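Here are my notes on the model you asked me to look over. Have the sequence and the coordinates open as you go through them.

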Amino acid sequence: MRRALMTAMTVAVLAGGCAGADAGDPPADLSGRLDDSGVTVVATLTAGPDGTQHVRATFTPQKTGYHLYSMDLPPGGVDGLGLATTVTVRGTLREAGSPSADAPVKTLRIQDLDVDLTVYPDGPVTITVPVNRTGKGRAEVVVSYAACSPSTCLAPVRDRVIALARSG
């Protein structure tokens with residue numbers, strides 16, 4: 001039984017069925033998903049035509065009227081308010097440049113508290129991070145975020161890991 005299991009695992013790895021493909025292998029799309037605290041996050045590792053690789057994490061509030069805080073928000077928020085939307089990588093991925101967002105940043109003024117917070121417009125935002133693949137093993141994306149509407153803030157999500165696997 002054990003020999004049959006080892007043979008099946010070897011065949012799967014040789015056939016490319018493992019998310020931890022060698023860094024020299026042709027790039028394959030890897031993806032993962034997280035649904036937590038009213039937001040769906042889909043993270044994908046893709047390669048461009050020039051061979052550069054990027055992790056794209058799309059954060060989509062599950063209800064209309066919710067926004068996410070900017071990735072430029074200070075680590076502790078502003079006066080303890082807000083949580084920066086962050087995307088980092090670990091495992092067999094290494095950051096190869098600065099993250100960028102596909103949505104403009106706007107300032108949300110909270111008059112009663114005399115605080116300005118940087119947020120993205122209501123709805124989805126995608127953060128892209130240039131990366132390099134460093135070898136065999138797990139490719140992981142780590143995200144933090146918080147979503148709010150004008151009247152409600154959902155529980156913050158801190159340092160949640162999304163394991164990437166081959167699509168399909």
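1. Ground rules. This is a predicted model, so local features are taken only where pLDDT is at least 70 and side-chain atom pairs only at pLDDT 80 or more, while totals for chains, interfaces and linings use all residues. Residues are numbered from 1 along each chain as its sequence is written, and side-chain values use heavy atoms, with hydrogens and water left out.

2. Confidence. pLDDT is the predictor's confidence in each residue, on a scale from 0 to 100. The mean for the protein is 85, and 83% of its residues reach 70 or more. Contact here means heavy atoms within 4.5 Å.

3. Overall layout. One helix and 13 strands make up the count, where helices (H or I, at least four residues) and strands (E, at least two) are DSSP runs numbered from the N terminus. Going along the sequence, the pattern is α-β-β-β-β-β-β-β-β-β-β-β-β-β. Among contacts with a separation of 6 or more, 66% join residues 24 or more positions apart.

4. Surface and burial. The protein exposes about 9,400 Å², and carbon and sulfur atoms supply 54% of it. These areas come from the Shrake-Rupley method with a 1.4 Å probe; for residues, only the protein chains shown count as cover. Of the 168 residues, 36% count as buried. Buried means under 20% relative accessible area, exposed means over 50%, and partly exposed is in between (1.4 Å probe, protein chains only).

5. The cores. A nonpolar core is a set of buried Ala, Val, Leu, Ile, Met, Phe, Trp, Tyr and Cys residues joined through side-chain atoms within 4.5 Å. The largest one has 28 residues, and V41, F59, V87, V141, V143, Y145 and L164 have the most contacts inside it. At least two residues of this core come from each of β1 (30-36), β2 (39-47), β3 (53-61), β5 (86-91), β10 (125-133), β11 (139-145) and β13 (157-166). There is also a second, separate core of nine residues, with Y69, L83, L117 and A146 among them.

6. The aromatic pair. Rings of Phe, Tyr and Trp (its six-membered ring) pair if their centres lie within 6.5 Å; planes under 30 degrees apart count as stacked, over 60 as edge-to-face and the rest as tilted. By this rule there is one aromatic pair. The ring centres of F59 and Y145 are 5.6 Å apart and their planes lie at 70 degrees, so the pair is edge-to-face. Because F59 lies in strand β3 and Y145 in strand β11, the pair ties together parts that are 86 residues apart in sequence. F59 counts as buried at 0% relative accessibility, and Y145 counts as buried at 0% too.

7. The disulfide. The structure holds one disulfide, taken as a pair of cysteine sulfur atoms within 2.5 Å. C148 and C153 form it, with their sulfur atoms 2.1 Å apart. Their S-S torsion is about 115 degrees, so the disulfide is right-handed. C148 counts as buried at 2% relative accessibility.

8. Around the cysteines. A147 is in strand β12 and is buried, with a relative accessible area of 1%. Not counting residues up to four places away in sequence, A147 touches V39, Y66, H67, L68, T152, C153 and L154. S149 sits in the loop between β12 (147-148) and β13 and counts as buried at 12% relative accessibility. Leaving aside neighbours within four places in sequence, S149 is in contact with G65, Y66 and H67.

9. Loop residues to look at. Where are D79 and P75? D79 is found in the loop between β4 and β5, and P75 is in the loop between β4 (67-68) and β5. D79 has a phi near 50 degrees, a positive value in a residue other than glycine, and counts as exposed at 67% relative accessibility. P75 is exposed, with a relative accessible area of 78%. D114, in the loop between β8 (106-110) and β9 (115-119), has a positive phi near 55 degrees and is exposed at 55%.
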